[in-house]
Amino acid sequence: MFVKPDGSPLKILVRGDCTCRRSLALNPDLFNAKPVVVQNGKSPMVLFLDALDGRTVTKEFLQSISMVDTMQATLQRYYIGQADREVVDETGADLLMLDSYADMNFELWEDEAGAKFWIHPAHLLDRDSFVKRYRKLGRRTLEQSVNEAVELIGRIRHNNPGVPVLFLNQQTDYYPKLDNRLEYYDFGRLVAERVDSVYWGGVEPKEALELADIGSCGPGNTLHFQGSTYRRMIDRALNAGLRDALARATQGGQQPAAAASASAIEPEVAAASTSDEASPARVTINFARNSRTCGATCATFVDQSNKGLANYFCFVEEGSEVAPKRFTPMLIPVDEIADFEAWEAHIKTFGKGARLRQKKKALAQGYYVKPFAWRLFIPDIHAANVSKEVRSGGAIRANLMRSIDEMGGAPDRRHEVALPKCRNHWAMTFGVFQSEPGHVQGEVQVDERLVGYISLRRTGEVAVYSQILGHGDHLDHGVLTLLHHEVIRWISEQRNGFAQGLKYVMYGGKENGTPELLRFKRQAGFRPHYVSATAS
C-alpha cells in the first residue's frame with residue numbers, strides 16, 4: 001500500500017483509456033486512500049502536444065461537424081471528451097499513467113490551423129463538405145507515437161518534476177479490428193527505453209487474460225479484463241523500479257516489501273536529467289526583424305525562423321507567457337565563450353574530458369574545419385546523410401534520404417563561400433574535412449573530402465544548429481566534437497563581425513532524440529532554457 005506522509009491521497013494524471021481506468025478502479029488496495037485522478041482519454045499523444053502549442057479543437061467544433069444526438073451515450077462522452085486536455089496543465093502529481101489504446105486505434109483528421117481530431121464517419125453532418133475542408137492523416141505510426149509520448153512526458157514533467165510514469169499495454173487479443181496494429185504491443189517498452197523513470201507493465205499472454213464485459217465491442221469481443229489481469233501488469237512495473245520511484249515521489253511513503261530494481265539508464269545520462277530538471281534559466285531573445293543591416297529577404301528569413309522555432313520559443317507578440325513549449329531549448333550563452341580557451345577548459349568537467357579527447361583524436365588524424373559552399377560538396381553531403389540508418393536523434397528523416405539529383409545535382413563548376421549580407425540574419429555551413437588529393441565532386445576536383453557538417457542559422461540574437469551530421473565511418477574519430485568546438489571558436493572570434501550582438505547558440509531541445517544525444521549536448525556545453533522571443 002502506498003501511503004503519503006500526511007495520509008493524503010495520491011494525485012494521478014492519466015492520459016489513457018479503459019486500461020488505466022480499470023487498473024485503478026479494480027485494485028483499490030494499492031493505496032491507503034482513494035487517489036485523486038485527472039484523466040483525459042480517447043486522444044492520441046499528438047493531440048495533447050498540439051494543445052500545448054495552442055492548436056486544439058473545441059467541444060463546440062466537434063458538435064458542429066457531427067450529429068452528436070444520434071450517438072450512443074458512451075460514444076457521445078468519448079467523442080466530445082477528446083477536446084479535454086487538463087492533464088498537461090496539472091501540477092503536484094505523484095504518478096503519470098499512460099496506455100496505448102488511443103494511438104493504436106484512432107484515425108486522425110486535421111483542420112486549417114493544424115489541430116488534429118477524430119470523427120465517427122456514420123455521424124457526420126455533411127460528409128462531402130467535411131472531406132473537402134479537412135485533411136485526413138490516418139492513424140499514427142508506432143515511431144510517431146513513441147516520439148510523441150517521449151515529448152509529452154517531458155512537457156508534463158515541467159509542471160511535475162521527476163514524476164514517475166506507469167505505461168500499460170491495451171490488450172486487443174479479443175478485438176479483431178486492431179489485429180493489424182499489434183506492433184503497438186511494443187509501445188510502452190520503446191518509450192521506457194528512451195526516458196528515465198518510465199515503467200512498463202509488459203504484455204499478458206492471451207491465455208492469461210481474464211475477460212470482462214464480453215460482447216461490449218461486438219459479439220464475443222472485449223477490451224476489458226478483470227482486475228487481476230491489470231494487477232500483474234502493475235506488479236511488473238513495481239518490481240522494475242516503480243515502487244521505489246513512487247516512494248520517492250510521495251516523499252518517503254511506505255513501500256510494499258518486494259525488492260525493486262533501478263531504472264535502466266546510464267548513470268551519466270541520469271545525472272544529466274536530474275540536473276536539467278532543476279530550474280532552467282528564463283531568457284528573452286530578439287529576432288531583430290528591422291535591424292539596420294537588413295535587406296529585402298530578411299523579413300522572410302525571420303518568418304521562417306518563427307515557424308521553425310514555434311515548438312521551442314514563446315513569442316511575445318502571441319501574448320504567450322514565458323513557459324516551456326513542446327521542447328526545452330538547449331543553449332550556450334555567447335558571453336560564456338568570449339574566452340574560448342576558458343570555455344573549453346570549463347566544459348571539460350562534463351563527461352570527464354571525453355569530448356576533448358575526441359577532439360584531439362580528430363586533430364591527430366588530420367581533420368580540419370572551415371566554412372564551405374554547399375553546392376560544391378553535394379555528393380559528399382549525400383554520402384554522409386545516407387551513411388547511417390539510425391542516429392542518436394532517432395531514425396533518419398526523409399529529407400536526408402534525398403538523392404544527389406534531388407539535392408540539386410553534383411557541381412559542374414566551383415562554388416565559393418558566400419559571406420552574409422546582413423549581420424543579423426544569415427545561414428552558413430561549416431564542414432569537417434580530410435585532405436584527399438584527386439578527390440572530385442561531380443566535374444570539379446576539390447582535393448579534400450567532407451565528412452561532416454553543421455548548418456548554422458542566425459536570427460537576431462540566436463544562432464541555431466539547424467543540422468549537425470557526420471559520416472558514419474568517421475564518427476568514432478571525434479569529427480563532430482572537433483566541428484562543434486571550431487564553430488564555437490569562430491563565433492567567439494567573430495564577436496565584432498558576423499556574431500556581433502549574438503547572445504545564444506542553440507542545438508535543438510532537451511527532449512529531442514535519445515539519452516545519448518542529450519549527453520552529447522550537455523558535454524558540448526548546451527543547457528536547457530525557457531525562451532520568449534520577439535521579432536521587433
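Which side chain does a polar contact of 2.8 Å join to that of E436? Select E436 and R449: their side chains are the pair joined by this contact. Keep in mind that the model on screen is predicted.

**Stop 1: E436**

Stay on E436. It lies in the loop between β17, residues 425-435, and β18, residues 440-441. Now display its surroundings. Setting aside neighbours within four places in sequence, E436 is in contact with D447, E448 and R449. Pick the C-alpha atoms of E436 and D447. They are 5.0 Å apart in space, while the two residues are 11 apart in sequence.

**Stop 2: D447**

Move across to D447. This residue is in the loop between β19, residues 444-445, and β20. Check the backbone here. Phi of D447 is near 65°, a positive value in a residue other than glycine. Is D447 buried or partly exposed? It is partly exposed, because its relative accessible area is 33% and buried requires under 20%.

**Stop 3: T459**

Next, follow strand β20, which covers residues 448-459, to T459. T459 is buried, with a relative accessible area of 2%. The side chains of T459 and S305 make a polar contact of 2.6 Å. Then show the other residues around T459. Not counting residues up to four places away in sequence, T459 touches N286, F287, F301, V302, S305, N424 and H425.

**Stop 4: helix α16**

Now select residues 515-523, which form helix α16. How many of the nine residues of this helix are buried? Eight are, so α16 is largely enclosed by the rest of the structure. Colour the buried ones: P515, L517, L518, R519, F520, K521, R522 and Q523. Step just past the helix to G525. Its phi is positive, at about 100°.

**Stop 5: K42**

Finish at K42. Look in the loop between β2, residues 36-40, and α2, residues 45-52. What is the phi of K42 near? The value is near 55°, which is positive in a residue other than glycine. K42 counts as buried, because its relative accessibility is 10% and the cut-off for buried is under 20%.

Conventions: Residues numbered from 1 in each chain as written. Predicted model: local features only at pLDDT ≥ 70, side-chain atom pairs only at ≥ 80, totals over all residues. Heavy atoms only, no water. Helix = DSSP H or I, 4+ residues; strand = E, 2+ residues; numbered from the N terminus. Contact = heavy atoms within 4.5 Å. Polar contact = N/O pair within 3.5 Å; in protein donor to acceptor, adjacent residues only side chain to side chain. Buried < 20%, exposed > 50% of the residue type's maximum accessible area, 1.4 Å probe, protein only.
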